[in-house]
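Here is a brief report on one structure. Please keep the sequence and the 3D view open while reading.

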Amino acid sequence: MEEAKKKFLIVVTHGPEDIDRTYAPLFMASIAASMELDTSVFYMIKGPLLLSKSWQEEARKKGDNPFIRFFDLAKENGVKMYVCVQSLKDMCHMREDEIVDGVEIVGGSTLIDLTMEAERSLFF
Amino acid sequence: MEEAKKKFLIVVTHGPEDIDRTYAPLFMASIAASMELDTSVFYMIKGPLLLSKSWQEEARKKGDNPFIRFFDLAKENGVKMYVCVQSLKDMCHMREDEIVDGVEIVGGSTLIDLTMEAERSLFF
Amino acid sequence: MEEAKKKFLIVVTHGPEDIDRTYAPLFMASIAASMELDTSVFYMIKGPLLLSKSWQEEARKKGDNPFIRFFDLAKENGVKMYVCVQSLKDMCHMREDEIVDGVEIVGGSTLIDLTMEAERSLFF
């Protein structure tokens, strides 16, 4: 039986208003996943805006968006994605169906669970 | 004899200049406390401005301030509050007697102690 | 044989654009070092700009820069300094030879290693 991988969490609180603070975390997520860590990213505060279908579509059309590049890389590397439903609705004024596929919509208490389960967490 | 609760720390570095970054942490503090974690919030950098008697009074008069709502909820849920005296004085230019009741005024070294004692810490 | 010191990590993501968010972390680094913790600071995102030879030179000429004061204090207290090469080049558009002496230039994966080795990490 294989030994369970250690868990690693990265919290993203910024969104398109400060794109420089969004792609380094996703780059770190890919690195962590490549180091055999079971890696998750949790989006909250302004982070959910990065998961908007329409925002991602537009960013992909314009091209050369570093967040999109590292988001796709993280997905390819098996990084799990979670978004805080309270931030999504109350802070970003989005609906759940506006979120791209492959992201689990969870309550704030999941952040506590994820940090308790993770070996280490990074905050951005 | 009851088992000691695990400790959980939340660090708040933003203040009224970016109110969106201040109430999610307080909401998380209430959630952590409701999950039977011995929860503390540590205010530093711009965070002490949120603890100003006059700022809170004005925010309460205006009403519907999300920080105030989650601050009160956290207090009701038994969350402990600490403020960094160096941030308070040197960065926020406040006096100790301008801080609302129920907040312990401590030196920066307390942050190290709190993080060492806490099972996990969140940074905002 | 002496017991190995516990490791402590502080991550700096802001630079001269928000100097208030840069010196509290360095102050905390000195406190941690004085508490017998083997303390490191990791600069990423906008943090590498604080390590620019020309920026530090100018800041020293102008005088009374709190980041410089706490940077020097941290160095005196034996705090180790690391800078993320990807942030340095791709985000701050700097060359490696523009960084002040005494800072180790490392890849992003070093951040994962440092957080895994550290007893605790602070994020600013």
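Which residue is the bridge partner of C:Leu9 in S5(C)? C:Ser121 is that partner. The model is predicted.

**Strand S1 of chain C**

Strand S1 of chain C covers residues 7–12. Five of its six residues are buried, so the strand is largely enclosed by the rest of the structure. S1(C) pairs with strand S2 and with strand S5 of chain C, as the table shows.

| Strand paired with S1(C) | Residues | Sense | Bridges | A bridge pair |
|---|---|---|---|---|
| S2(C) | residues 38–43 | parallel | six bridges | C:Lys7 and C:Asp38 |
| S5(C) | residues 120–123 | parallel | four bridges | C:Leu9 and C:Ser121 |

From S1(C), the chain passes through helix H1 (residues 20–34) of chain C and reaches S2(C). This β-α-β crossover is right-handed.

**A serine in helix H1 of chain A**

A:Ser30 sits in helix H1 of chain A, which spans residues 20–34. Is A:Ser30 buried or exposed? A:Ser30 has a relative accessible area of 5%, so it counts as buried, the cut-off being under 20%. Neighbours within four places in sequence aside, A:Ser30 contacts A:Phe70, A:Leu73, A:Ala74, A:Asn77 and A:Val79.

**How chains A and C relate**

The copies use different surfaces: of the contact residues of chain A, 11% recur in chain C.

Methods:
Residues numbered from 1 in each chain as written. Chains lettered and ligands numbered in written order. Predicted model: local features only at pLDDT ≥ 70, side-chain atom pairs only at ≥ 80, totals over all residues. Heavy atoms only, no water. Helix = DSSP H or I, 4+ residues; strand = E, 2+ residues; numbered from the N terminus. Buried < 20%, exposed > 50% of the residue type's maximum accessible area, 1.4 Å probe, protein only. Contact = heavy atoms within 4.5 Å. Pairing = 2+ DSSP bridges. Right-handed = clockwise from strand over helix to strand, strands pointing away.
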